[in-house]
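Morning, everyone. Please have the sequence and the model open while I talk.

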Amino acid sequence: MLEGDDSRLQLTKVNKLFNEIKKQDQTKKDYTLSDFVYFIDSFVKYKLDIKSTDPEIIEGVSLMTAHGSKGREFSYVYIINATRKAWEARRGGTNNITLPIYQYDGDLEDERRLFYVAMTRAKAGLTISFAHIDDDGREHEESQFVGEIDTEFTILKNMHDFEKNHESDLSKFLNASRSKSSLFEPEYLRQLFFKRGLNVSALNNYLSCPIKFLYRNLIQLPDVSSSAQRYGNIIDIALNNFFKKSKQEEKILSKEVFMAEFEKSLSDYNVSEKEEEKFHERGEQAMSEYYDAYAKSWTAKVDAQKFTERDFKLSNGDNLRLSGTVDKIEYLDDLFSPHIHVVDHKTGRAYSEKTKEEKENYERQLVFYKLLLENPGKEDFIVRNSTLDFIEKNKKGVFEQHDMEATKEDLDKLCAEIDNCADEVLSMKFLTMGCNKKDCEWCSLFKA
């Protein structure tokens, strides 16, 4: 699938299915494979389509109702069948049959507003078409909304003459072949790179293996979260909510509140009963001990889960968007002070038990946050120091915190890594680079 000429289209279809699986799983407890098969069978039976929140249009046009176009924009829009029967006729008559799908029973002003919504989806050009006589020989009037458009902004075209003058174009259209849409087209990958931007996880993936970055961060192959990731997310949500409530109350809240946030986070997160029991036993002990060890040193002058982004000027003159979410920012003076302490919470093995590469990735993460936050004209923070805060004890039964004060040399090294990553991606050199690690699943996938 990945190597085909239409691999972008095929991946879009896979992502659409995968996103629907995640959507169903998140809304229903203990969702099973048989439940999803039943769901798909129902869609097939009634010839329904799985909707995507932001489907990629590989080629062609996007068909939708006027209602469905709300909130979207397109370079060119075509409103077809703009007749009274299609728009105004819905207001009158007693023998109309109303379907329970996209029902619309508004008055004339509501219909006028809806027509206006459809018109204003166009950014460059709008074409409105209607037929005075349909295929069955019945006569129709144009919608009154068409006549209300100021003639200063319209050009009236006779379709008979237009069709006659463009017969050759119609022939080309009917005989057009599908254009290629490979995932590995250089221009497509360049566009994706600037569209995605770069966060520190993506950069770490790139430095670990450029092909891993290609699949995980650029193309974004569908993936499922691991048990460790789900557990980490539950802890992050609990800590985030606790510190937000403490900030509101202007004091560090009690251990009872702290543990209640963990229980709520675990209960709300959609995991299996077996995994929930495992996470509960592990998390209850870790969170209880963590609160006892550090609560007295915490401050309520914080921002939790702060998302920030900035433009980074590459050596070629282009701007690349950098982004990241900081677990906790502690204000060292008051809530309006630029002097801050950055805290990143970690679950799993402690810092001393990590590999050399893992330690480098963690420290790069702290330097990356400093680069993001010390952004004159936007954030204007001054990062005094940063801490990796491990929620669980190490093998010796001791909590670990790894502190770091990033230097100018650290920032310069990070900027060079970002610029080098961008250069190799934009030049497509990265497609020829593997990590040369034994049994790398990503390099094996690329060579397959």
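I will go through salt bridges, then a hairpin, then the surface.

A word on the basis. This is a predicted model, where local features need pLDDT of at least 70, side-chain atom pairs count only at pLDDT 80 or more, and totals for chains, interfaces and linings use all residues. Residues are numbered from 1 along each chain as its sequence is written, and side-chain values use heavy atoms, with hydrogens and water left out.

Salt bridges, then. How many salt bridges does the structure hold? There are 22. The term means a side-chain nitrogen of Lys or Arg within 4 Å of a carboxyl oxygen of Asp or Glu.

Take Lys-247 and Asp-303. Their closest N and O atoms are 2.6 Å apart. Lys-247 sits in helix α10, residues 227–249, and Asp-303 in strand β3, so this pair ties together parts 56 residues apart in sequence. Helices (H or I, at least four residues) and strands (E, at least two) are DSSP runs, numbered from the N terminus. Lys-247 has 31% relative accessibility, so it counts as partly exposed. On that scale, buried means under 20% relative accessible area, exposed means over 50%, and partly exposed is in between, with a 1.4 Å probe and protein chains only.

Next, Glu-289 and Lys-393. Here the closest N and O atoms are 3.8 Å apart. Glu-289 is in helix α12 and Lys-393 is in the loop between β6 (382–390) and β7 (401–404), so the pair ties together parts 104 residues apart in sequence. Glu-289 is partly exposed, at a relative accessible area of 27%. Lys-393 is partly exposed too, at 36%.

Now Glu-417 and Arg-364. Their side chains meet in a salt bridge of 3.1 Å, N to O. Glu-417 belongs to helix α14 (residues 408–426) and Arg-364 to helix α13 (residues 356–373), 53 residues apart. Are these two buried or exposed? Both Glu-417 and Arg-364 are buried.

There is also a network: salt bridges link Glu-109, Arg-112 and Glu-148.

On to the hairpin. Strand β3 covers residues 302–313 and strand β4 covers 319–331; they run antiparallel, joined by 11 bridges. Strands count as paired if DSSP finds at least two bridges between them. Thr-308 faces Gly-324 of β4 across the pair. Between the strands there are 5 residues, and in this hairpin Gly-317 takes a positive phi near 100°.

What lies 8.3 Å from Asn-316, C-alpha to C-alpha? That is Asp-423, 107 residues apart from Asn-316 along the chain. Asp-423 is in helix α14. Its relative accessible area is 47%, so Asp-423 is partly exposed.

Last, the surface. Patches are made of residues with over 30% relative accessible area and no salt bridge; like charges are joined within 9 Å, and nonpolar side chains (Val, Leu, Ile, Met, Phe, Trp, Tyr) within 5 Å. Lys and Arg count as positive, Asp and Glu as negative, with His and the chain ends not counted. A charge is placed at NZ of Lys, CZ of Arg, CG of Asp or CD of Glu. Areas come from the Shrake-Rupley method with a 1.4 Å probe, and for residues only the protein chains shown count as cover.

One patch is negative: Glu-263, Glu-273, Glu-277, Glu-281 and Glu-284. Helix α12, residues 273–294, gives the largest share, 4 residues. Glu-277 is in that helix, and at 58% relative accessibility it counts as exposed.

Another patch is nonpolar. Tyr-76, Tyr-78 and Ile-80 form it, with about 410 Å² of accessible area together. Tyr-76 lies in strand β1, residues 74–79. Tyr-76 is exposed, with a relative accessible area of 55%.
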